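Hello,

I am passing this structure on to you, and I hope you enjoy looking around in it. Below it you will find my notes on what turned up.

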Amino acid sequence: MRANTWAGRNKVEVRDVPDPRILNSRDAIVRITSTAICGSDLHLVDGYVPTMQDGDVMGHEFMGEVVEVGSGVSADKLRVGDRVVVPFPIACGACAACAAELYSCCENSNPNAGIAEKMFGHPVAGIFGYSHLTGGFAGGQAQYARVPFADVNPLKVESGLTDEQVLFLSDILPTGYMGAEMCDIQPSDVVAVWGAGPVGQFAMDSARVLGAAKVIAIDKEPYRLQIAERAGHTPVNFEEVDVRSRLLELTGGQGPDKCIDAVGLEATHGSAHIAAYDRVKQAVRSETERPHALRQAILSCRSGGVVSVIGVYGGLLDKFPAGAWMNRSLTLRTGQCHVQRYMKPLLQRIERGEIDPTRIITHILPLDEAERGFEIFKEKQDNCEP
Amino acid sequence: MAVRAHAEEIVDDSPSVRIAWRSAEDADVPNAGAVRFVPAPDGLSTEVYVVLTYDIPGGAVGKAVAKYFGEEPHQQLDDDLRRLKQVLETGEVVR
C-alpha cells in the first residue's frame, strides 16, 4: 500500500510499504477514506520528538471502513463494513487509567512502555504514527491501518455526516474541547486562547459552546485571526501589539479568567532576545521546548484563574514562571486528550449543528501529495488557502 | 519470568498469597525469589510484588554487560511484570 512516512528530520516521503495485518485478536484493519496532518506531526518532522525511525508511517487522525476484524472482536462491537473514526490514543479499556477515563494514559497499549516510563516517570498510551516512545504503531496517513483494541476505540458513524464533518473527532476537536472543559468555564468568563491553528479554533468554539462571555484568539497569522474573527472571537496579533497589555485592555485590567495554550513546544515569539535564548538552548539540546506561549499565558491569567495546556510538550523547559503560578493561585491543568471520553457527545453536537468542524479545512489533497501538504502547513504557505 | 521452571525448587506455595523458589544447584544463574500477592487499597485490585536475588557470573562487569544487552534480571523482571499485567487485564500482550 501507499503511505506517508518519516524520512529523517524535515522530510516526509510517500512510499510503498507492506499492508498492515491482524497481530492481536482484538485488532481491526481499516481502509482509510480520510486523514489529516496534525500540528503535532510538524513536531515529529521538525525532529523534536525522539525515537522516530526512517520509514515510520505517520498520521494519527484518520477514519474509514472496517475491512477485517480479529477473532476477539465481537460482532456487537464492530463488524466488517462499519464506518469508523479512530481516536489517536490507543486504549485497552480495562486498566485503572481507562476505568478513570484517562485513555491517553492507558497502561496496557504501549509496547514500549519502558522507554516512556524513563522519559515521563510513568508510561503513556500507545499512539498511532507518533514515534516509538508511544509504541511505534504505524499511522493513518496511508491506505490501510491496523487498529488495536478495535472493540474499545473506534467510533461508529451511522448518520449521513460527511468525512469532513466527523474526521476531526479523531483528535483536534476533542483536544480543543478538553482544553475548554478543563477551564471550568463560568458565564462571565473571558477565555484567551494562544494559537489560532485548528486546535486553537476548536478550543475557542468549545469555550463559546460551554458559555464563555468573550473568547480571545492570539496568533500572528492574519488568515488564522480572520477565521477566528469570522467565528465571533476577538483577534489579537502578537506581532502587532503587546499581548499582555492588550489582554489587560480587553478585560478591565484583570487579565483573562481562563487561558488556553494551544501552541506547545515550538512557539514563536515577538521578543527577539527571548526567542534567541530558547532557540540556542534547543539547538544545544539543553532544553527541548520553546515555551513562550505557556509563560505568557501564566503571566497574563487573572489571579485564581485556570491555565489549560493542550499544546504538546515533550521534555524539559526553562524559565517556568513558578512564582506567578504559585503566588497568584493559578491552576494549571493539562493532558493529551482522552479522546474516547468526548467522541460521542461531540458527534451529537455536530449532528445538532452546534459545532461546525469543517470551518478550519483549507486544503484537500490526495495521499500522494502528502509531502506538499506538510510543506504548506509548516510554512503557512498561501495563507494555508487553496 | 525469565527463570526456567525445571531448574527451580518451589520452597513455599501459599495459595493466593506467596510463591517462593530457589534455583537448582547446577543453574547458570543461581537465584532465589518470591512472588507476593497483596490486596490493593481499592479493595478490588491485586498488587504483585517480586523479590529476586541472583548471582550473575562475572560480578559487576557481568551485570553491566547483561544490562547493555537488555538481559539484566531487573530489566527483564520489569518487562515480564508489565506483560503479566497486560495479559491479566486485556487477555494478551499488544504488539
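Which residues on the other side of helix 13 of chain A are exposed? They are Arg372(A) and Glu379(A). Please keep in mind that this is a predicted model.

Helix 13 of chain A covers residues 370-379, and its buried residues are Ala370(A), Gly373(A), Phe374(A), Ile376(A) and Phe377(A). Looking down the helix axis, you will see these buried residues within an arc of 165°, so they line one face of the helix. Their packing partners in chain A are strand 1 (2-6), strand 2 (12-16) and helix 1 (39-45). After helix 13 of chain A comes Lys380(A), which has a positive phi, near 50°.

Next, have a look at a sheet in chain A. Six strands form an open sheet with parallel pairing, in the order 12-11-10-13-14-15. Strand 12 (234-237) and strand 15 (331-334) of chain A are its edge strands, each pairing on one side only. On average, neighbouring strands of this sheet are turned by 20° against each other, direction ignored. Within chain A, strand 13 (residues 258-261) and strand 14 (residues 306-309) pair in the parallel sense, with four bridges.

Finally, the two chains. Their contact involves 12 residues from chain A and 10 residues from chain B.

Methods. Residues numbered from 1 in each chain as written. Chains lettered and ligands numbered in written order. Predicted model: local features only at pLDDT ≥ 70, side-chain atom pairs only at ≥ 80, totals over all residues. Pairing = 2+ DSSP bridges. Helix = DSSP H or I, 4+ residues; strand = E, 2+ residues; numbered from the N terminus. Axes fitted to C-alpha atoms, helices over the stretch in contact; angles between N-to-C directions. Contact = placed C-beta atoms within 7 Å. Buried ≥ 20, exposed ≤ 12 C-beta atoms within 10 Å, placed from the backbone. Arc of directions from axis to C-beta.
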